[in-house]
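Thanks for coming, everyone. I'd like to walk you through one model today, so let me put it on the screen.

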Amino acid sequence: MIIEHSSNLIAKIEPIRAFQDNYIWAISNKQLLVVVDPVEAKPVFDFIKAEQVTLCAIMITHKHHDHIGGVKELLHTFPDIQIFAPKNSNLDFPFTAVKDGDSFLIKRINLHYSVLETPGHTLDHIVYLDEKNLFCGDTLFACGCGRLFEGTYEQMYSSLKKLKRLHPATKVFCAHEYTLNNIKFAMTVCKNNKLIHERYEACKDLSLTLPSSIEDELKTNPFFLAQDVDQFKEYRLKKDAF
Ligand SMILES: [Zn+2]
């Protein structure tokens, strides 16, 4: 059950591009900024300068370097920020540990988020959620899902099942621009799905394909469309070799 928080609707969400294909999601109002998975500090500093905002919080989805690499540098410049990260993460900076079912308030900017645990890509992986938006790191991608580095196929399948139950209009903010490659793969395993072909046409000339939505994923993501864990495993193994 997600409670509507009107304050979240006032904030805008923009991508900060980093590395080759990472997105650091920037959630801001006129004065304050929250970032999700800051792989690098420099593009966040550039955003702060351009938008004239102050960083007040960081949300981390999982422990991989390409999601936390910029945290310490940001913390050095903004020592008072709140950092939220998974309870199961062993990180070398201070953070507020959050776990499945938790809700929290980022006080300075008055934003509320809920947490779901989604083990599979890593065992510590969590996602952040409000009534309209999902920040899902490397669990769910547009037309794809994260590789299994630590979890089992059963764990990832049930993590994706949790996300399938979210409201279809929920916007999906994932951490990488993998969409086009994912759609090309989807066309090989779901050959008769016309909507996947339409999605390819809609995305093929875009440099930014996100956010997606749960509805789009329910219709075209092979890992959402998999009938059972065996089919999920089959698709995941094929994608690993694609
Ligand atoms: Zn990762």
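Let me start with a question: among contacts in the protein chain between residues at least 6 apart in sequence, what percentage join residues at least 24 apart? It's 60%, where a contact means two C-beta atoms, placed from the backbone, within 7 Å.

Some housekeeping. This is a predicted model, so local features need pLDDT of at least 70 and side-chain atom pairs count only at pLDDT 80 or more, while totals for chains, interfaces and linings use all residues. Residues are numbered from 1 along each chain as its sequence is written.

The overall picture, then. The protein chain has 10 helices and 14 strands; those are DSSP runs, H or I of at least four residues for helices and E of at least two for strands, numbered from the N terminus. The radius of gyration is 17 Å, close to the 18 Å from the globule rule for 242 residues, so the chain is as compact as a globular protein of that length. That radius is taken over C-alpha atoms, and the rule is 2.2 Å times the number of residues to the power 0.38. Along its principal axes, the C-alpha trace spans about 50 × 35 × 35 Å. Buried residues make up 43% of the 242. By buried I mean 20 or more other C-beta atoms within 10 Å of the residue's own; 12 or fewer is exposed, in between is partly exposed, and C-beta atoms are placed from the backbone.

Now look at strand E2, residues 22-28. How many of its 7 residues are buried? The count is 7 of 7. Asn22, Ile24, Ala26 and Ser28 point one way, Tyr23, Trp25 and Ile27 the other, and all are buried.

E2 pairs with E1 (residues 12-18) in the antiparallel sense over 7 bridges; pairing here takes at least two DSSP bridges between the strands. Glu14 sits opposite Ala26 of E2. The E1–E2 hairpin has 3 residues between the strands, and Phe19 there takes a positive phi near 45 degrees. E2 is also antiparallel to E3 (residues 32-36), over 4 bridges, with Val36 in E3 as the bridge partner of Trp25. A hairpin of 3 residues joins E2 to E3.

The largest nonpolar core has 65 residues, and Ile24, Val34 and Val35 have the most contacts inside it. A core here is a set of buried Ala, Val, Leu, Ile, Met, Phe, Trp, Tyr and Cys residues joined through C-beta atoms within 7 Å. Leaving aside neighbours within four places in sequence, Val35 is in contact with Ile24, Trp25, Ala26, Val44, Leu55 and Ile58.

Next, the open sheet: 6 strands in the order E7-E8-E9-E10-E13-E14, with mixed pairing. E7 (103-106) and E14 (212-213) are at the edges with a single partner strand each, so one side of each has no neighbour in the sheet. Further in, E8 (residues 111-117) and E9 (residues 126-129) pair antiparallel over 4 bridges, and Leu116 has Val127 in E9 as its bridge partner.

Last stop, helix H10. Which of its residues are buried? Phe232, Tyr235 and Arg236. They cover an arc of only 100 degrees around the axis, so they lie on the same side of H10; the arc is taken from the directions from the helix axis to the C-beta atoms. On the other side, Asp230 and Leu237 are exposed. The cover over those buried residues includes helices H5 (153-164), H6 (179-189) and H9 (222-225).
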